[in-house]
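Student: I would like a close look at a single part of this model. Please describe the part you select and how it sits among its neighbours.

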Amino acid sequence: MHVLHVSNSLVAGGSELHLLALCRHLGALGVTQTVAYLHERPVSRTLKDNFEAIGVPAIPAHAEGRYNVTFPLAVSSIVARIGPDILHTHLPRADLAGAFVTLRARSLPWVISMHNIYGAHSWSGAALLPVLDVVWRRADLIIAVSGAVAEWLIGRGIDPGRVRMIHYGIDDEAFAPPPGDPKARWGWSGRPVVTAIGRLTPHKGFATLISAWQVVHAQMPDAVLAIAGWDVQGYRQVLEAQIDALGLQDAVRLMGFLDDVPAFLAAGDVFAHPTTSEGFGQVMIEAMAAARPIVCSRIPPLMEIVVDGETGVFVPPGDAEALGAALLRILTDPEAPAMGARGRARVRAHYSAARMAERTLDVYSEVLGLRSPAPVRAAGGS
């Protein structure tokens with residue numbers, strides 16, 4: 001079985017890291033794979049070498065620029081050249097290419113992975129949703145990365161019988177807490193630390209988190225809030241101005257993009273995820289795998305991951321006062337390490353990359369079965 005994955009980019013992010021883990025474990029199951037990617041942005045680390053290191057060729061479609069409309073032809077050319085058994089697209093722009101390709105190669109089975117819930121408040125391309133509704137209905141099967149995404153798809157008119165829910169999975173051992181003092185690397189030894197990770201965009205809730213830090217800072221002036229993530233649209237300047245206005249320059253650190261996520265997570269005592277919109281939240285299971293208790297927004301995808309009061313606590317999205325109080329409570333709770341340990345156990349039980357790959361392979365087998373011609377029954381046969 002040869003699968004062609006098509007991704008918007010190979011820049012390190014949630015969906016791209018998910019795809020890398022999926023390819024690694026599908027390869028271990030004997031699946032041959034190629035990845036085509038539409039563009040690369042130089043603002044962050046590319047995963048191209050990581051894919052090729054696990055034997056998955058990465059082919060550029062050279063569709064740089066938001067308004068480039070040649071990418072469907074480029075992907076169609078790649079399909080014609082390598083002749084895959086299954087087309088698997090990831091993210092809306094790649095889905096548009098998938099629709100074009102399967103109009104030309106009608107016998108090619110097509111699977112979509114839906115990585116997010118797309119809306120005007122969280123996605124600049126929301127005006128395309130009516131077009132994408134038509135595109136998504138044409139796929140053979142759709143993998144939703146959370147129950148919330150599955151419900152959203154069904155609410156948009158997608159046939160429930162064509163939706164399969166498969167949570168993200170990770171290699172939890174990569175996030176196991178290391179020996180020694182992980183805070184020393186950043187000069188935080190002996191200080192309470194809260195970490196957060198995500199692209200610097202408004203819907204990730206970092207402005208709320210910075211406002212919430214006033215509550216923590218008033219009681220724990222030596223505590224550090226460290227936010228890692230690459231700046232997508234210049235939003236870092238907005239956050240820096242907020243930090244300056246609140247007088248939190250010595251208490252809040254904007255770390256930029258970090259290569260070593262496990263080391264960064266290990267340096268924190270608590271992980272905060274104040275997002276207002278999420279498709280799944282891979283960074284949540286990474287933080288839980290690092291045995292860190294979670295404080296996050298009470299929104300449907302995250303409510304599938306965190307067990308309130310056992311592996312973390314929920315707060316209303318956008319409520320800075322509640323977020324600050326929750327962070328302060330967990331930072332001072334002697335039971336917080338046990339909460340983190342329960343989170344790590346939950347990841348190992350429910351969110352392994354191997355399990356994700358096995359269930360994805362089941363989808364591939366199913367879609368190939370859907371496209372196989374029915375056996376011809378001999379006349380007079382029973």
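Tutor: The crossing of helices α4 and α5 is left-handed. The model is a predicted one, and the chain averages a pLDDT of 92, with 93% of the residues scoring at least 70. Over residues 374-382, by contrast, the pLDDT is below 50, and this stretch has 1 contact in the model beyond near neighbours in sequence.

To return to the pair of helices, α4 spans residues 92-104 and packs against α5 at an angle of about 55 degrees, the two axes being 10 Å apart. An angle between 35 and 65 degrees counts as oblique, and α4 and α5 are therefore oblique to each other. On the α4 side, the residues that meet α5 are Pro92, Asp95, Leu96, Ala99, Thr102 and Leu103. Their partners in α5 are Val131, Leu132, Val135, Trp136 and Arg138. By class, this contact of α4 with α5 has 8 nonpolar, 1 polar and 2 charged residues.

Helix α6 covers residues 147-155, and its buried residues are Ala148, Val149, Ala150, Trp152 and Leu153. An α-helix has 3.6 residues a turn, so residues three or four places apart point the same way. After α6 comes Gly157, whose phi is positive, near 100 degrees.

Terms used: Residues numbered from 1 in each chain as written. Predicted model: local features only at pLDDT ≥ 70, side-chain atom pairs only at ≥ 80, totals over all residues. Heavy atoms only, no water. Buried < 20%, exposed > 50% of the residue type's maximum accessible area, 1.4 Å probe, protein only. Helix = DSSP H or I, 4+ residues; strand = E, 2+ residues; numbered from the N terminus. Axes fitted to C-alpha atoms, helices over the stretch in contact; angles between N-to-C directions. Parallel < 35°, antiparallel > 145°, perpendicular 65-115°, else oblique. Left-handed = near helix turned anticlockwise from the far one by under 90°. Contact = heavy atoms within 4.5 Å. Nonpolar A, V, L, I, M, F, W, Y, C, P; charged D, E, K, R; others polar. pLDDT = per-residue confidence, 0-100.
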